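Biologist: Let us go through this model together. I will ask, and you answer briefly.

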Amino acid sequence: MNIGFIGAGKVGTVFGHYLKENGLNVVGYYSRNPESAQKAAEFSSAKVLSLEEVVEQSDIVFLTTPDSVIKKVCDDIGENIGFSNNQTIVHMSGALKSDILSKAKAQGANTFSLHPMQSFADTKKSIDAIHNTFFTMEGTGDKSAILEILKKIGNKFKEIEPEHKPLYHAAACVASNYLVTLAKVSTNMLKTIGFNEQEGHDVLMPLMQGTMDNIDKLGVVDALTGPIVRGDMVTIQNHLENLNDDQKSFYSALGLETLDVAEKRGLRKEDIEALKKILEGSGLNG
């Protein structure tokens, strides 16, 4: 089975390296940026190929271009080069469905999306992280080639329905992108009391990493600590009294969501209702 990549960014580079590491044959990369293609090819012991060569030499073609051009690249290939019957064409976007590969499907190709639930901010770190990354897939046609790859690399995966892709990707954004936002908001709070950016990072990172470890080991419900799960209304009220209006809104929205977790931990109903009133702005005596 020959595998080719169109697009040589972080995702394509890391995944190609990972496939090669697991004994799969990556024939080469094409990119509009020859330098990127060269780096990705070297990383995977593959070749730099033309667009036509990737399409013609590959049983599976991964389109790892930016999301905004996946459909255009697929359409252009269909119009100018053509896909082979039963060739497998795959994009790796978390947000987009496989139906954007309709031009390939119309020419008899199997079309899928295969998404690694991972943040690819740094290539070298991502090479380590991808070993434990969960994948999702959806699409139409013969999926045997995709399943063979997934079996070979050994990662956990799940097939999802195409119409569920937007909610799936929203969950990824909340867990990854908005985790960065949480760090930023927390750092800004610390900066108002004299911490600098580096000190904020140093104090928050062990806390956040420890919480992630607890979620991994204990599960979401049992990992929750802090004033809400204790039913500590005085502390919550004190927090709110010392936040500005924007911070209060943010804090309260997250607090109200946290009540659901605290309830699963057994927090008494009357404490939940009292905390809800405080977070909604009524105060301790509301």
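Modeller: Start with a definition: buried means under 20% relative accessible area, exposed over 50%, and partly exposed in between (1.4 Å probe, protein chains only). This is a predicted model, where local features need pLDDT of at least 70, side-chain atom pairs count only at pLDDT 80 or more, and totals for chains, interfaces and linings use all residues. Residues are numbered from 1 along each chain as its sequence is written, and side-chain values use heavy atoms, with hydrogens and water left out.

Biologist: Is S45 buried or exposed?

Modeller: S45 sits in the loop between α2 (34-43) and β3 (47-48). Helices (H or I, at least four residues) and strands (E, at least two) are DSSP runs, numbered from the N terminus. Its phi is near 50 degrees, a positive value in a residue other than glycine. The relative accessible area of S45 is 57%, so this residue is exposed.

Biologist: What is the phi of N86?

Modeller: N86 is found in the loop between α4 (67-80) and β5 (88-91). With a relative accessible area of 46%, N86 is partly exposed. N86 is a residue other than glycine with a positive phi, near 70 degrees.

Biologist: Which backbone oxygen lies 3.0 Å from a polar atom of the T133 side chain?

Modeller: T133 is in the loop between α6 (123-129) and β7 (135-140). Its relative accessibility is 3%, so T133 counts as buried. Beyond neighbours within four places in sequence, T133 is in contact (heavy atoms within 4.5 Å) with P116, M117, Q118, N155 and K156. The backbone oxygen in question belongs to A129.

Biologist: What area is buried between domain 1 and domain 2?

Modeller: The domain assignment, automatic or from a database, gives domain 1 (2-160) and domain 2 (168-282). The contact takes seven residues from domain 1 and four residues from domain 2. Buried area is the accessible area (1.4 Å probe) that two parts lose on being put together, summed over both. Carbon and sulfur atoms give 71% of the total, which is about 480 Å².

Biologist: Which residues in domain 1 lose the most area to domain 2?

Modeller: The centres of the two domains, taken over C-alpha atoms, are separated by 38 Å. Together, three residues of domain 1 account for 60% of what that side buries. They are G94, A95 and M117.

Biologist: How many salt bridges does the rule find across the interface of domain 1 and domain 2?

Modeller: A salt bridge is a side-chain nitrogen of Lys or Arg within 4 Å of a carboxyl oxygen of Asp or Glu. A search of the whole structure finds 10 salt bridges. Across this interface the count is zero.

Biologist: How many residues apart in sequence are the parts that K103 and E79 tie together?

Modeller: The side chains of K103 and E79 meet in a salt bridge (3.9 Å, N to O). K103 lies in helix α5 (residues 102-106) and E79 in helix α4, so the pair ties together parts whose separation in sequence is 24 residues.

Biologist: Which helix holds both D260 and K264?

Modeller: D260 forms a salt bridge with K264, with the closest N and O atoms 3.0 Å apart. D260 is partly exposed at 39% relative accessibility, while K264 is exposed at 56%. The two lie four residues apart, about one turn of the helix, in α13 (residues 245-264).

How values were computed:
A polar contact is a pair of N or O atoms within 3.5 Å; within protein, one must be able to donate a hydrogen and the other to accept it, and residues adjacent in sequence count only if both atoms are side-chain atoms.
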